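Take a walk through this structure, one region at a time. Keep the sequence and the 3D view side by side.

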Amino acid sequence: MPSSTPFFRRLLVVIKQTAYEEYSQLKLRGQAPKALRWPRLESRYQSHKACVESLLSILQANNVAFSCVNRVELDRQHLADVDLMIAVGGDGTVLSAAHFLDHGTIPLLGINSDPISEEDKLVKKKKGDERRSHGALCAITAIDMKEKVPQVLFGGGKLTQRARIQCVVKSTFSETRLVPALNDLLIANPSPAAVSRFRMGWLKEVDLEPKSHYEMEEETD
C-alpha cells in the first residue's frame with residue numbers, strides 16, 4: 001500500500017536529446033543533411049519537451065529531490081546517492097541509462113515522451129514516423145504520466161527484475177569486461193570492410209537442449 005511520504009527521495013532524470021536538437025546544432029555549422037523534414041522533427045521535439053516539463057512539475061509538486069542530465073552526458077558520477085533513475089525519451093534512452101546500472105541496485109523507470117496515440121494507430125500511413133519510439137521498455141508514457149508517476153514515487157509501483165547479458169572480450173594480453181546489455185550485443189570490426197575472426201564460448205556450461213513441459217515441472221517441484 002502506498003505511503004504518505006515519497007518512497008524514493010533522490011532521483012536522476014536522464015533526458016533524451018532529440019534529433020531536432022542534434023540537427024539544429026549541425027545546421028548552425030552548415031553540416032546538417034539537406035533532406036530533412038524539419039516540421040516533423042520540430043513536432044517530435046515539442047512533444048518531448050512538453051513531457052519533460054510536465055514530469056519536472058510533477059516531481060516538484062511531490063517534494064522529491066532530483067537532478068537532470070542529458071543522455072549523452074550521463075556518467076557514473078551522476079549516480080551518487082540516487083535511489084531511482086528515470087529515463088525520459090524512448091527505448092534508446094532506457095538502454096543507454098541501463099548501461100550505467102552495473103549491479104541492479106538502482107531501479108530504472110522508462111517514460112515514453114512521445115508515444116503513438118490510439119488515434120494514430122488507426123490511421124494507415126504509407127510511411128511511419130521513425131522518430132517515435134514504440135516504448136517497449138517504458139512502463140509509463142506522456143499520456144498516463146500524471147497519474148502513474150506519483151504512484152511510483154509513493155511506493156505504489158511494482159519492481160521487476162530483468163536478466164541482462166554481459167560480454168567479456170579476451171585477447172592475448174588483456175581482458176575487457178563490457179557493461180551489461182539489456183537486449184542485445186553487436187560484435188563487429190570498426191571497419192565494415194575488414195575481416196574479423198572471433199572465438200566465442202560460454203563462461204559456464206549452458207544447457208541449450210529444449211526441455212519438455214514435464215521436465216520443467218519436475219525441476220520446479
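**A guided tour**

At 32% relative accessibility, Lys 148 counts as partly exposed. The scale behind that word is simple: buried means under 20% relative accessible area, exposed over 50%, and partly exposed in between, with a 1.4 Å probe and protein chains only. The model is predicted, so local features need pLDDT of at least 70 and side-chain atom pairs count only at pLDDT 80 or more, while totals for chains, interfaces and linings use all residues. Residues are numbered from 1 along each chain as its sequence is written, and side-chain values use heavy atoms, with hydrogens and water left out.

Stay with Lys 148. Its side chain meets that of Asp 144 in a salt bridge, 3.3 Å from N to O. The term covers a side-chain nitrogen of Lys or Arg within 4 Å of a carboxyl oxygen of Asp or Glu. Side chains of opposite charge can pair when their charged atoms come close. The whole structure holds three salt bridges.

Another one joins Arg 44 and Asp 114, whose closest N and O atoms are 2.3 Å apart. Arg 44 lies in helix H2, and Asp 114 lies in the loop between E4 and helix H4 (118-122), so the pair ties together parts that are 70 residues apart in sequence. Helices (H or I, at least four residues) and strands (E, at least two) are DSSP runs, numbered from the N terminus. Is Arg 44 buried or exposed? Arg 44 counts as buried, because its relative accessibility is 15%. Asp 114 is buried too, with a relative accessible area of 9%.

Glu 175 and Lys 170 also meet through their side chains, at 4.0 Å from N to O. Here Glu 175 is partly exposed at 49%. Lys 170 counts as exposed at 61%.

Now turn to the sheet. Five strands form an open sheet in the order E2-E1-E3-E4-E5, with parallel pairing. E2 and strand E5 (140-141) stand at the edges, each with a single partner strand, so one side of each is left without a neighbour in the sheet. Two strands pair if DSSP finds at least two bridges between them. E1 and strand E2 (residues 65-70) pair over six bridges. Along this pairing, Leu 11 stands opposite Phe 66, and Ile 15 stands opposite Asn 70. E1 pairs with E3 over five bridges. There, Val 13 has Ile 86 as its bridge partner. E1 is mostly covered: five of its six residues are buried.

The largest has 21 residues, and Leu 11, Leu 55, Ile 86, Ile 111, Met 145 and Val 149 have the most contacts inside it. Two or more residues each come from strand E1 (10-15), helix H2 (38-61), strand E3 (84-89), strand E4 (108-112) and helix H5 (145-153). H2 gives the largest share, five residues. A second, separate core of 14 residues includes Leu 12, Val 14, Ala 87 and Ile 106.

Contact means heavy atoms within 4.5 Å. Leaving aside neighbours within four places in sequence, Met 145 is in contact with Cys 51, Ser 54, Leu 55, Ile 58, Ile 111, Ile 140 and Pro 150.

Methods
A nonpolar core is a set of buried Ala, Val, Leu, Ile, Met, Phe, Trp, Tyr and Cys residues joined through side-chain atoms within 4.5 Å.
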